[in-house]
Amino acid sequence: MTVTPLALHACCGPCSLEPVKYLRQEGFEPTIIWTNPNIQPVKEHDHRLEVLKAWAADVAHVPVVVAADDREAWEKGVAPRGFDREARCRACYAVRLAEACRTASQLGFRYISTTLVVSPYPLFDVCHDVLFGVAPRYGLTPVWRDFRPHYPESVSDSRSLGMYRQNYCGCRFSAAEAAIERHEARDQRRRAKEERRRQRL
């Protein structure tokens with residue numbers, strides 16, 4: 001099988017497992033590109049990167065290129081959108097994927113993909129639109145795959161490897177949204193439990 005080099009923008013270690021595996025089965029050989037200025041706080045950003053690099057070196061044997069993380073550009077171009085999730089995520093994908101594409105082009109790649117389409121939480125169609133808008137400007141061809149059906153597999157595989165799994169996308173807005181959703185789910189479970197208790201009386 002002919003092996004085709006491919007730049008793979010990665011958002012974290014756990015979401016990289018299945019894309020690397022399945023892209024390799026198609027004949028691609030990924031090189032991971034890390035650029036995620038959205039991840040806050042910086043301690044969280046660095047921890048996610050170290051988890052990714054350890055797995056890439058010790059398990060997957062895939063190179064990792066650490067590209068620029070322009071936090072100032074993220075704060076100016078993304079943060080003002082606040083809790084308007086679609087507008088915020090679209091702008092965020094644009095910042096990250098543009099830098100990934102710039103780096104991939106500079107390194108001589110022709111193809112690019114992203115791990116942002118593994119988890120069911122990112123905005124799939126928005127990410128598609130951004131990648132297909134950005135990649136051609138850098139002379140790249142997007143390799144678009146719906147990895148979401150493999151998400152349970154990625155959860156299981158990453159847990160079996162003892163990988164750190166985060167509970168929010170990365171930015172401070174997503175952290176707040178995720179916390180609210182967890183509280184709402186907890187409250188719903190409590191109400192359901194109380195209702196079952198009343199029905200038994």
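Which helices each supply at least two residues of the lining of the largest pocket? This is a predicted model, in which local features need pLDDT of at least 70, side-chain atom pairs count only at pLDDT 80 or more, and totals for chains, interfaces and linings use all residues. Residues are numbered from 1 along each chain as its sequence is written, and side-chain values use heavy atoms, without hydrogens or water.

**View 1. Lining of the largest pocket.** α4, α6 and α7 (172–200) each supply at least two lining residues. Helices are DSSP runs of H or I, at least four residues; strands are runs of E, at least two. α4 gives the largest share, six residues. A pocket is an open set of 1 Å grid points where a 1.4 Å probe fits, with protein on both sides within 12 Å along at least five of seven lines; lining residues have an atom within 4 Å of a point.

**View 2. Centre of the largest pocket.** The volume is about 770 Å³. Of 33 lining residues, Ser119, Tyr121, Asn167, Tyr168 and Cys169 are the closest to the centre.

**View 3. The largest nonpolar core.** This core holds 51 residues; Ile32, Trp55, Tyr93 and Ile112 touch the most other members. Such a core joins buried Ala, Val, Leu, Ile, Met, Phe, Trp, Tyr and Cys residues through side-chain atoms within 4.5 Å; buried means under 20% relative accessible area with a 1.4 Å probe, protein chains only. α4 gives the most, seven residues.

**View 4. Around Ile112.** Beyond its neighbours within four places in sequence, Ile112 is in contact (heavy atoms within 4.5 Å) with residues including Ala7, Ala100, Leu131 and Val143.

How values were computed:
Buried < 20%, exposed > 50% of the residue type's maximum accessible area, 1.4 Å probe, protein only. Points joined across faces, edges and corners; volume = space filled by probe spheres on them.
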